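Dear colleague,

Please find the structure below.

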Amino acid sequence: MEENSKAPATLLPALLQRLQLAEPTTTTRETSKQGSEAGWQERVQAIHELRGQHDIHTLMPAFTDPDESVRLAAVQVCAHWGEQAPMQQLLSSLHDPSSLVRQAAIFTLGSLDNDVAKQHIKDAQFDPSPIVQEAVLQMLAQHTESGATSIYNDTTPVTTPRLVADGQTAYISTSSVSDDHDATKNSIEMDRTNATDQSVEIMPLAGKTPHKTNTSMKKKRNWLGGLMAAILLFGLLGSWLVVSYLPNLQTAKDSEIPLWTYSVPVGSNSISWNSDSSQLSFGTQPYALNIYTLANKKLRTYPAVDTAKQMQADKSGAMTDNTSPDTKYLIGTSIDKTKITGQLHIWDNKTGQILASYPYYQPAGYQPANGLYAVATPQLSWSQDNANLATVDGKGNLIVWHAPDGQHPALIFSLKSSHGTFEKVAWSADNKTLAVTTTSGYLEIWNTFTQKMIAAALIGDVQTVTVSPDARYAATGNLSNTMSILDTQSGKVIDHPLTIPYTKADNLVWSRDSRYMILYKDGDGDNKVSTLVWDIAHDKKVFETQSSVQASSVLSPDGHDVAIVSPDDQQINIWEVSTGRKLATHIGKLGPDSFSLLWSPNSKYIASTYQDQQVQLWDAQSGQNITTYAKLKGEVQTLIWSPNGAYMAILTAKRTQVDANSYRISDYNLSIWSVPTH
C-alpha cells in the first residue's frame, strides 16, 4: 500500500464544494473557530494524523461521526493501513448515507486482497448512487483483468487547489513521484499553517518543488471545479426525479425479456432470495441445491447429498418436500428392516455435512411394503427465518431443531406434554415461540429457547392453530364451529361462533402488530367464503366481505392493508385493515388454475397471475396496471419478489390433463425479471 493514496477524481468536486462552504469569512472567523465547522476540520486533521500510528481504538468513532468529511477521512486512513484496516468498519461504510463515503469505501476495499471485500464490492453494484455504481464497475474490471488492484494506485496525477483559512489549511495535495511502479502519490489532508490569506494555490507534498501558477490559472481551476460539481449535482438531481416521479417508466426489457431463465424441474416451495437480493437459491430434483448470482450471471449447482450412504441404514430415504424453504437444509429419515424406530437427520445442503440426528418413530400402524419398512413423510414446520424446525413423530413427540447461528452450535431436543401427545404445530413470527395442540384437546404455548411451557388451555378438537407475532395470543379453529383466542398472559380463552373452512390455506393470519387477525369463514350458501378482519384487543369484527373460494386474501408486509379477491375471481380489492375502508380496485382475471398474489416488500405494489399464464404488476394505491409479464412459458406456479423489490422470480410449468381427476405437471421454467417500479 502506498504511503499516500489518490482520491478518485469523482470525489474532488464535491469535496471542494464542501470545503468552500465550510470556509469561514473574515468577519465570522472568531466565531467559526469555535463552531461546528471548525470542529469538523479539527477532527479531520486528527484522523489523518493516525495514518502512521494504526490506532484502531481512536479511529473507530470517526466511522459514525455526524460529518461526512470525518467519515471520509476515516476511510482514507484505512487505505493507508491496507490489510491492517478494520474490515467490519469498512464494510459498514458501504451503507453510509453519503455516496462519497460509500464510493471511497469501494476503492479502499478494492485495494485489499480479500475475498470478503470482493464479494461486498459485487453486492454494492445495486447501490442507488451512480458514482458508487461506477466505482464498483471499475473495481470489478480491475479484479478481472489484473487481480486485486485499487483505483488508489492510478498513475494519472490529479492537481487540485487548496483553501487557506485562518491558520488552517484544508487542501487536497498532489505530487508526482518516480518509484519502481512510477506511481502517483496523493492524499486528502488537513494541515495547520500560519497563512492568513484566502488565496488559491497548489500545495505540494513535503520535499517537492512547488508548481508555478498565476491568477488566470487559479480562476480557470476554480471554474472547472465548480463546473464539475454542477454536473455531478444535476446528474444526481436527474436520477432522483426519475426514481420519484417516473415509477411506471419501463423498457421492453422489463416485461418482455427475462434477465435469466432456467428449464429444469424446480420445486415450487424451494425457491428463495438471499437477504441482499444478489442470489437466488432453488432446489432441483433430486434435491440438488442451485445458487444463481446476478452480478456475474453464474449458476452453481451443489451435488445432491447421498443420504443413503451417510445414514448407513438398510432402508433409508429422503422424504417429499424435504428441504427448508430457503433450500439451505436437507431433512431425511432412516429405519432398519424390522423396526419402526429410526433417526431424523438434518444436513447442510451445500456442504453435505450432517448437522444433527435424533431418534424418530414412524407413525403408528405404518406397514412395511414388500417385506421392508418404507420411510414415512413427517410434517415439517419451519420458523419464518428458516433456522428452526419442529415436527411430531409417530409417538407424538415434538422434536425441535435450532440451526447453528455463528455463536451457538446446532441444537436438537424433544418436548413432552402432560396433556397427551402432540398433534399440530405453528411457529410465531418471533422464531422462538411454538403453539401446539394435543390429542386431549389442549392448546400449549412453548418457548423453544428455554424449553418451557408458557401457557396452556383446554380448547377441544382443534383443526388449525396459529400464534401472534408478539406471542401474546394464540388462535384456533375448532370442529365445534368456533374460533378460540387464548391470552397467554392471563390464560383467558374467548370463544366465537365462527365456521372456519379448514381446507383453505392460511385461514388464520395475524397482522404484524398482533392487533388484528384476518380469517376466513363459511359464507351463506354453498361454495361461498367470506374474509373477516377481527380486532383482537377490542374483541370485535372490523369488517367482513365475500371473497374467492380459490384465491387467498393476502396481508401487506407493513400490516396496514389486505388484498381480497372477489368471489368471481375477476377483481382484487384493497382494504384498510384498521377501518374496513376500500382503498382501490384492480380489474384482472385470476385463474382458473393459478391464483398467485404477492405484495412488494415496500407494500406499494402487487403482482398477481392473470389468466394463468401472465403476471400483472399494478399499483396497490390506485389499482392501475403498471406492466404485464406476458411472455411466460406455461402456467404460473410461484411468484417470489426479491427483498429489495428490484427483481421477481417466476416459476411456470405446463399442465396436461391425464384423466377427469388428475393432471401432469412438466416443462418447468424458472425466470428472473426486472421490476420497473424499483
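Over the ring of which residue does the charged end of Lys395 sit? The ring is that of Tyr361, and the charged end lies 4.3 Å from its centre. A charge sits over a ring if NZ of Lys or CZ of Arg is within 6 Å of the ring centre and within 35 degrees of the ring normal.

Please note that this is a predicted model, in which local features need pLDDT of at least 70, side-chain atom pairs count only at pLDDT 80 or more, and totals for chains, interfaces and linings use all residues. Residues are numbered from 1 along each chain as its sequence is written, and side-chain values use heavy atoms, leaving out hydrogens and water.

The structure contains 12 aromatic pairs (rings of Phe, Tyr and Trp, the last by its six-membered ring, with centres within 6.5 Å; stacked if the planes are under 30 degrees apart, edge-to-face if over 60, tilted for the rest). Among them is the stacked pair of Trp260 and Tyr262, with 5.6 Å from centre to centre and 10° between the planes. Trp260 also forms a tilted pair with Phe282, at 6.0 Å and 45°.

Phe282 is buried, with a relative accessible area of 0% (buried means under 20%, exposed over 50%, partly exposed in between, with a 1.4 Å probe and protein chains only). Trp260 is buried at 12%, and Tyr262 is buried at 18%.
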